Structure formats: C-alpha cells, structure tokens
Amino acid sequence: MEYFLEFKGIRKSFPGVQALRDISFRAEGGRVLALLGENGAGKSTLLKILAGDLSADEGEVVLGGAPLSFSSPYDAIKAGVSVIYQERQLIPAMSVMENIFAGALPRNSFGFIDKPRLKKDTQAIIEKFGLPIDPAAPAGRLSVAYQQMVEIMKAYRRGSSVIAFDEPTASLAEAEISILFKLIAELKREGKIVVYVSHRLAEIFQITDDIVVFKDGALVKTFVTDETSEPELIRAMIGRDIGDTYANLSRNTEYGETLLEVRNLVAKQVKNVSFSLRKGEIIGFAGLVGAGRTEVVRALFGADPMISGEILLEGKRVEFKSPAEAITAGLALCPEDRKEQGLVLYHSIRDNVSIPVLSKIRRFFFLDRKAESALAGGIVDKYSIKTPGIDKIVVELSGGNQQKVILGRWTSDQMTTKILILDEPTKGIDVGTKAEVYQMMCDLAKQGFGVIFISSELPEVIGVSDTIYVMRGGRVTGCVHRGDATEESILSLAMSDTVKTERGDAK
Amino acid sequence: MIVYTVISKGAFIRPRNIRNILQSTTVVSLLTIGAGSLMIAGYLDLSLGGIGTMCAMLAAFLLRAGVPWYAALAAALILGGAGGAFNAVLVNELNFQPFIATLATASITQGFTSIISQGKQIDIANPVFNFIGSERVLDFIPYSLIISLFALLIYGVILKNTKFGRSVYLIGNNAQAARLAGLRPKRISYTLFINAGCLAALAGILLAARLKSSNTVGITNSQFAGMTAAILGGISLGGGTGGMGGALAGILILNCFNNGMTVIDVPPYWQVVASGILLLIALTADFLSARKRAAN
C-alpha cells in the first residue's frame, strides 16, 4: 500500500485574516515535498496544524488512510508526526542520548534508567546517519547544526512517519546544510514522508521531489521539482518575474574617504582581524556560521569586550566600551536576531525607533511625544512600512517590515549614523522583500553610509557587496572584490579545514 | 469592600477606619514604588524590608546619640542607597540572580539591625520625627501619607514621561535589544536599586517615627506586601508592564482587604492565610495575561 499524508479542504482563519483557504494536496511516502511561499502565505500555519499546535476550522488531515485528530502536539507525536522548528527544542543540560530518548528512556529491572542500553541504542542511530556526535555530550554544547541533527534523530527514534522541517537551513552554513541534506535523503530512502519549508530556491531544487506553492493562504499550484524552473516558481509565489535581482540593483560607484579602519582586532572568537571601509562602500563578511563574523562586529560596536587591536574612525583612534558610545560616534548595528536583539517586541514602532534619540526628543525633562510621533511617522513613510499606524506593536509586523523599523531607527534625521552594520538582514525574509532590502542597502551606500554586510548566503553576499572579506575560525582568510568573486572561490576560503573544526565542535 | 461594609455593619467605612487604612498605606506605598519600578525593569529586591529596618535603626541610634534630626535622616537615607548599590553590584558585576543576591542582602541587613541596636528597641524622642510620624492634616490625613502619595505621583510621572522611565520599560521587555539600541541597562539597574533602597529607608523611618521607637522587626519582609500590591496593580513579575497608577490601586486593594479582615474579626492566623491566597490570585492573573501576550 502506498503511504501518504493528505490535506483535505483545510481552512483556518484568525481575527481579520483568512490564513488558509481550502487547502488540499497530498504528500507521498519516500518523497520530499516543499512548501513554498512568501512570508504570510500560510506555510507556517499549515505546519502548526500538522503539528497539533493549531486546529483547522474546517477540513481534515489524513495519514495512511486514517484521519488525524490532534488536540495537542503530544497527540501529533503519538500519531507519528514530528515537526522540526527553527527554534531548537532540546533540553540543553541533558545529554544527546537523553534528548533523543526523552519520553521513552529504557529502564532496567530496578526501574532506573538503563544507561548502557540507552548509550548503545543512541550510538546505533548516530551511526546510521554517520554523524560524529558523542551520545553523552550535553545537547547545549553542540553547534546549532548538530543540535538540529539531534532533533532529527529524536524524530527518527520516535518512529515518526511524517517529518516536517520549518526553514531548517536558516541558521546553518553551507557545509552544515550538506550534512542535513544527507540526513533527509536517508529519511526519504526509509520511505518517510518529508515536508520541507524553505525560502531558498536552490535548496528546494536540490532535495525536493514535489513543490506546493502558497500565496495569501491559498494553494497556487503543485509542481514536480524536475519539471519546473526557478523563474516559474518565483512567478507563482509572487505573481511577477523579479528577473536577475543582483544585476538590476542600482549601485553606488563613487567611494569617499576611509571611514573605518580596524587593525589586528582580537576578541572572543576573533583572531587578528583587519579591514577597512570607505564612505559609500558595502563590505561583505562571508563565512560559515561560527566563523567569528558576528563576534567581530559585536566587539567593534562595544557590545562585547575587545581584547586588543586598533579601531580608527575617520582617522581617529577610538574604543567603545558600550553600544551607547559606538552609537554616539556614528555606528549602528542591525543584529542577526531581529526579534531578540534588534527590537523590543512588545513595544510600538514609535517606541522602537526613538530609543537611540530619546535624549534629543525632550522638552525639559519630559519626552516630547509629538516629536517622537513625527519621527516615527517619517520613518514609516520613508520605508513604506506596512502598518495601520505608528502605535502598532512590532511583534505583529512581518519580518521585512521589522527590518525596516530597525533600518529606519538608524537612518532617521535625528541620527548621525555613518556606518551601518547589517548582520544577516535577510534572514527569514521572503524573496520579494529581500530584493527590496538589497536595493535599500545600495541606496544607503549612495547616501554616503559605509555598510558592513554579514551574510551566510553566498549569492547575496557576492551579489551585493563591493568587497568581500571571508572568515574562517575567527580569522580573515581572504578579501575579494565583487568582480573577482565566485561562489566556489569564496567557499574554498571559508571552508578549508572545516571538517576538522566541526568534529571539534561536536565533542 | 461592600461585603466588608455589610458584615461589619458599617464599621469598615467609618472615618476612623478609613484613617487607619490610609495610615497603613504609607509604608506599603514607598516599598511598592521601589519594588514595582524594579519589577518593571525585570529585577526584584527581597531585601527592601531589611534595608528599611536597618536604616530606621541607624536613625534612632544617631538621634539617641544626640545627632541632629536632619543629619540622622540623611545618614539613614544614604545607608539605604548604599544597600541598594550593594544589591546592584551583586546583580550587575558579579552576575548573581537578583533573587539570590537580595535574599543574602536581606539577611545581612537584619544582622546589622541587631548589631546597631544590640537587639533592643530604641525610642525616638525627636520632635521633628514625632511630628512627621503622628501629625495629620485637618486631623485626618497623616503627613507621612502625603509624603508617600507625593512620591507615588512623582515616580508615576517619571516612569511614563521621561527618558529614564521609558528606558525602564524597554529594559524590562528586552534588555539586550535596548542595550544594542543605545540604552545603558547597567546604569538604569544601579539607579533603580539605589532608589528602592532610599525609599525603603524612608519607609522604615516613617514607621519608626509613628511608633516613636525603632525595633528589630520594623518593616522586615514588607517588600512582599509591596510586591503583592504591584502585582495586583498590573506590574508583571516578568517585567515591562504596569505603572504607578495601577500600583496605587493595588495598594488600596491590599490594604482594604487586610484591614477589612480585622474589622470583621477574621482570626489573625487566618488573615495570613488569606493574604497568601490574595497573592496567588494576583499571580494567576499575571500568569494569564503573560500567556495571552505570548500567544500573540
């Protein structure tokens, strides 16, 4: 009998939004099915229904011929459905084996946990997938990538017949992605139903067999991966052709004097890094996750202590002991983790954009709310942020609009920002908005900002930056100009010796 | 409240009883300001009662030694600020959890209280202290209450309308993001702890002034009343929400609840149980609203 998962007429609405409209499709065992669509298209909602986090208003989910009815994630797990989210759900202090067998720890005849058997069973699973992971290591000590592998093994151990991934590669670097893909191929060989949500088209072509495209809560079309093309998918997703994103960028071509010079910077996970940035220039930092790129900019920005080295800002030697000092001097950071580090989520757009200029929008001791509202209103207009008003809480905005709020904060008239640091600015943002962010960066360069752009996605870091610094293991291993950069050349600079380092991580 | 009034056959709303309620509001209000503003920023302080009692004892000791009232008052307030600063150092520099750090401070301050007083009560005979402690405007509203309400008003305005106040809320919601956007969470944390320590000292002194003596119990553990009032008034333990207006309402609810039980003759031991249940109700409400927020 052929094993399959079928969605039949699923509808779901939230107050004011029809999140899913009559969704019906089928996922076959032994095949990988991609859910593709812009943010807000309904993929996550569907995944949540599959996981038992939400229940559908109408319609049913059928697995292997029997309708599933979940009232909790626990029911879903019992029925054989595992969803692997972007946020890791491991218990960091517990060992890998305890995590994998959580809820089903083998016991000996005294009723205690049977450690030797636990270790043996875990080892068997780890070997099956060919991973260099120590079963006794605390899960929290593994790299992000390996934590994800542990989650997959947990799902495998439960005997799940459906394993769904929600943007699994969002925080992985290229080398780690290939390990993940090997695991997915293994699951496929075993006849599992794999559901794969991602924004990255290249990946979807690499590992999926079928593609379901969503737009605005509706199913647009189902494709067989081998019979479609990237432009066709993009058209289906956004309803238009975005063409060659990078070739169409309107770039800045005139650079001014040197804004920033960093010499021999040493900090935690940063070894002797030097680089320079001119007015109007975009410099990119490429490398694998954990290469030390974020650590470089955090030390530069005063967020983490600098151990040694020199920072010259417009020729003058500076050292920032706190982000506040760096901001006063003209630096601005849009952190990698927008929600945890970039924004104060439960505050309004207005409150979020005014943070660095609260001292300037005062009348005597009191905050000048009119000035504050004018500031926020100006930013919403300038960046065409989609919101009913400036009092909207930022947690309710889409990823792209949240990013615009942060960019708006740093580039308002009240600020004296000279250098903008963008750490993974397009992470979790849909294809259409990504292009908008790239153009925004080019526009900022034209206005004379110096831009530092960190990205783990090679095409964008090559396509947008004027100069690309490649990092590995805390060092800069190369500096390439856009014209000379290819994905292969950057990747080889970023990856040599990585296998060794990664094995070290896993211990 | 209506229940109290009915059961007590009107005794609950008699002027003299209302005066009692207002009188008991003094200490709680000052502690609620300190504890509440710390909670908004995501911290907590279990040593406020201990600090306040120690400072009141120092003031009484200095007065007995012949130090002028203003110098004694200033010394006590400075000691309160120092206690708060000590907490801030433990939390910010040594990275202790506020819960643990301030619990230790509470114990230390209680020890110092007994050392200063040799375990005995010290009478306060200073006319200025006695005046502030006992006199009332129009023979009804205690001066000490006016001081607390004024403090509540000022802090309410500061929290809602100044850069400092805004920073407190932003830090309570997400200290990391606030720091990367240019605020200085450490500085705010120091200010709040020191401020709470000073207010606790003032609360301890006002109580001692009313009792015309300082004893080793003083306002020990009253920070829990302050925290309960804050939670009842909508200041979440998780930080980032609530304000002084709500806190005032919380204080009044708490005091009416406690006073009412005395008026209708609930046995004292059962009153303690009931207070605990009130705190549970407040925490449940706090938990439910936090969950609602998280579901967003």
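**Close-up 1. Residues of helix α3(B) that meet helix α5(B).** In this predicted model, B:G50, B:I51, B:T53, B:M54, B:M57, B:L58 and B:F61 in α3(B) meet B:T105, B:A106, B:T109, B:Q110, B:F112, B:T113, B:I116 and B:S117 in α5(B), contact being defined by C-beta atoms, placed from the backbone, that lie within 7 Å. The residues of this contact divide into eight nonpolar, seven polar and no charged, where Ala, Val, Leu, Ile, Met, Phe, Trp, Tyr, Cys and Pro count as nonpolar, Asp, Glu, Lys and Arg as charged, and the others, Gly among them, as polar. Residues are numbered from 1 along each chain as its sequence is written, chains are lettered from A in the order in which they are written, and local features need pLDDT of at least 70, whereas totals for chains, interfaces and linings use all residues.

**Close-up 2. Packing geometry of α3(B) and α5(B).** Helix α3 (residues 48-64) of chain B packs against helix α5 (residues 98-117) of chain B at an angle of about 20°, with their axes 8 Å apart; the two helices are therefore roughly parallel to each other (angles under 35 degrees).

**Close-up 3. Domain 2 and domain 3 of chain A.** The domain assignment of chain A places domain 2 at 242-330 + 416-507 and domain 3 at 341-414, and 25 Å separate their centres, taken over C-alpha atoms. Their contact takes 10 residues from domain 2 of chain A and seven residues from domain 3 of chain A; helix α15 (residues 431-446) of chain A supplies the largest share of the domain 2 side, four residues.

Technical notes. This is a predicted model: local features need pLDDT of at least 70, side-chain atom pairs count only at pLDDT 80 or more; totals for chains, interfaces and linings use all residues. Domain bounds come from an automatic or database domain assignment. Two residues are in contact if their C-beta atoms, placed from the backbone, lie within 7 Å. Axes are lines fitted to C-alpha atoms, for helices over the stretch in contact, and angles run from 0 to 180 degrees between N-to-C directions. Angles under 35 degrees count as roughly parallel, over 145 as roughly antiparallel, 65 to 115 as roughly perpendicular and the rest as oblique.
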